[in-house]
Amino acid sequence: MSRPVRVRFAPSPTGPLHIGGVRTALFNYLFAKKNGGTFYLRIEDTDQNRFVPGAEEYILEALEWLGIAPEETVGKNEKFGPYRQSERKPLYKQYADQLIESGNAYYAFDTAEALDAHRKQHEAEGKTFIYNHHNREKLDTSLVISKEETAKRIANNEDYVIRFKTPQNETLHLQDIIRGEVKFETGLLDDKVLFKSDGMPTYHLANIVDDHLMETSHVIRGEEWLPSMPLHVMLYRAFGWEAPEFAHLPLILKPIGNGKLSKRDGDKMGFPVFPLEWKTAEGVSSGYREKGFFPETVVNFLSLLGWNDGTDKELFSLEELTQAFDLKRVHKAGAKFDPEKNKWFNHQYLMQKEDSVLAEEYSKIIELKHLNRHYSLNEMTKIVSLIKDRADFVSDFWEMSDFFFIAPTAYDEKASKNWKAETPALMQELISVIEEISDFTSLNIETIVKDWMTKNEIGMGKVMQPFRLSLVGALKGPHLFDIVEVIGKQETVSRLQKAIATI
RNA sequence: GGUCCGUUCGUCUAGGGGUUAGGACGCCAGAAUUUCAUUCUGGUAACAGGGGUUCGAUUCCCUUACGGACUACCA
């Protein structure tokens, strides 16, 4: 059991990758890195009807954005290629045939309509239709007709599928890294289709064949696959292959209400469920990246949905995660997705970012506004340093700092009540004090203004509140003298004059 | 309906036969502040129910309830 660790993320390109898929990919990545193994991406596009253009590119781009790109995939280190199942199509038939020859599978000619009818009839009788030993002898399969007849029908281009012949009486004791032993009675399972009438394998066959051929050591996937674990294990056995170890991850659930987090929940509830924005004819689904989340946030938050390192530590870099991650510490119950806490993580990472880096991001937003007031990168960095600890996203910056760029156009009504009869005169005096200041830096301005107030025995509130109102338009924002320094003497005076004239 | 999985504060979780059941988010309250926010301090709040086993169970077993996944020629 000491084969090299090779794990895969194997999505279907049926649309954008959603956050549950991202977490599956992340856990695979972490497990690989932790164990010095390889993480690869395989595209499972055996269902041609559900193929969505762009989905494959989206998946790769998302993983790259998050910093968990696969080491092998389509067009990259194709040691075991192709990595797209549609391109491996010629491979699968021989394995299906092998199963037929060994008696582990059989041909079935039932039409979809016939099967539907069986199911409906059983339902009407209050019974459950299971396609297995209960009735496979009564159905249209190669088990009840001769070899020659079967060959003839296939030669006649009759549609057929290949089904797995599930053993009738066996208890399977399967091991799951997360769940421990899981038991299944094979007699209750149905004979799954392995090979479809369109010449493509189903997920089950393709998955097992490829995991084997690509030397997959561990299968880490969502809990929705737990019910197919017995089939998969039996397939490995039927082929005589060593099965990988399995780990079934708990599901990510809706924030409120019940059920699995779905693609629809996100925009309904005002948070993204996709890493990247996804546009279709029906509309746009928002993405974490476009909403201003950092990849670090998404990785960190997702890693803690169903896993923790046993300490109180919550902030993990990707690097730290690869050190700390342990599949055995993943737990079994599903986890509700909490958008609030997710935001808090982004706030933490925003705090960690360099002011100058954030200033560059913010500058991009500012440029789009085509304002008259321009600041250098240094000045932008200063502004960012004054406001960033109150923000969750770079996109929050504007409403927290618009007054650095434009004079107030309105004054908060409540705050205007502090604008007393003597205020205009006081502000006029303040203007003359300010105009005298030559070293126009925050601390110096503060000292001089405060000196003036003490000398003339003017209360703090009498000056500071109207002063702030004049500059900001409301009683909010960072340290007032920092604002004064950034906007400059001329602008300060002009805003005071405007306030005197309008309030 | 059948099969399987699960159940500790509202949420994410730690813990595990004897604990004041710990942390984080949120919420509330104080502190600080010329303001708002941040920050800091404190507080609120949980072992689903019932049976066992045991000197003792939230922890082990059974069971009920509830929740979830699967039940396609989809993955």
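## A tour from sheet to RNA

Start with an open sheet of three strands, ordered β3-β4-β7 and paired in the antiparallel sense. Select β3 (105-108) and β7 (193-195): these two stand at the edges, each with a single partner strand, so one side of each is left without a neighbour in the sheet. If you look along the sheet, neighbouring strands are turned by 45° against each other on average, direction ignored. Keep in mind as you go that this is a predicted model.

For a landmark, pick Ala108, which stands opposite Val161 in β4.

Next, select residues 11-21. The UniProt annotation here, from an unreviewed entry, reads "short sequence motif: 'HIGH' region". The span is 27% helix and 0% strand, and its end C-alpha atoms lie 8 Å apart.

What will a secondary-structure colouring show you over residues 375-500? The chain is 64% helix and 0% strand there, with the end C-alpha atoms 27 Å apart.

Two helices are worth a stop of their own: select α17 (residues 423-436) and α19 (residues 460-472). Their axes come within 10 Å and cross at roughly 80°. An angle of 65 to 115 degrees counts as roughly perpendicular, and α17 and α19 are therefore roughly perpendicular to each other. To see the contact, show side chains for Thr423, Leu426, Met427 and Leu430 of α17, then Lys462, Val463, Pro466, Phe467 and Ser470 of α19. Colour this contact by class and you will find six nonpolar, two polar and one charged residues.

Leave α19 highlighted and bring up RNA strand B. Which element gives the most to the surface near RNA strand B? That is α19, with five residues. Other elements that give two or more residues include α4 (112-124), β6 (180-185), β13 (335-336), α12 (339-352) and α20 (480-487).

Definitions and conventions:
Residues numbered from 1 in each chain as written. Chains lettered and ligands numbered in written order. Predicted model: local features only at pLDDT ≥ 70, side-chain atom pairs only at ≥ 80, totals over all residues. Axes fitted to C-alpha atoms, helices over the stretch in contact; angles between N-to-C directions. Helix = DSSP H or I, 4+ residues; strand = E, 2+ residues; numbered from the N terminus. Parallel < 35°, antiparallel > 145°, perpendicular 65-115°, else oblique. Contact = placed C-beta atoms within 7 Å. Nonpolar A, V, L, I, M, F, W, Y, C, P; charged D, E, K, R; others polar. UniProt positions renumbered as here; feature names shortened; annotations may be inferred. Pairing = 2+ DSSP bridges.
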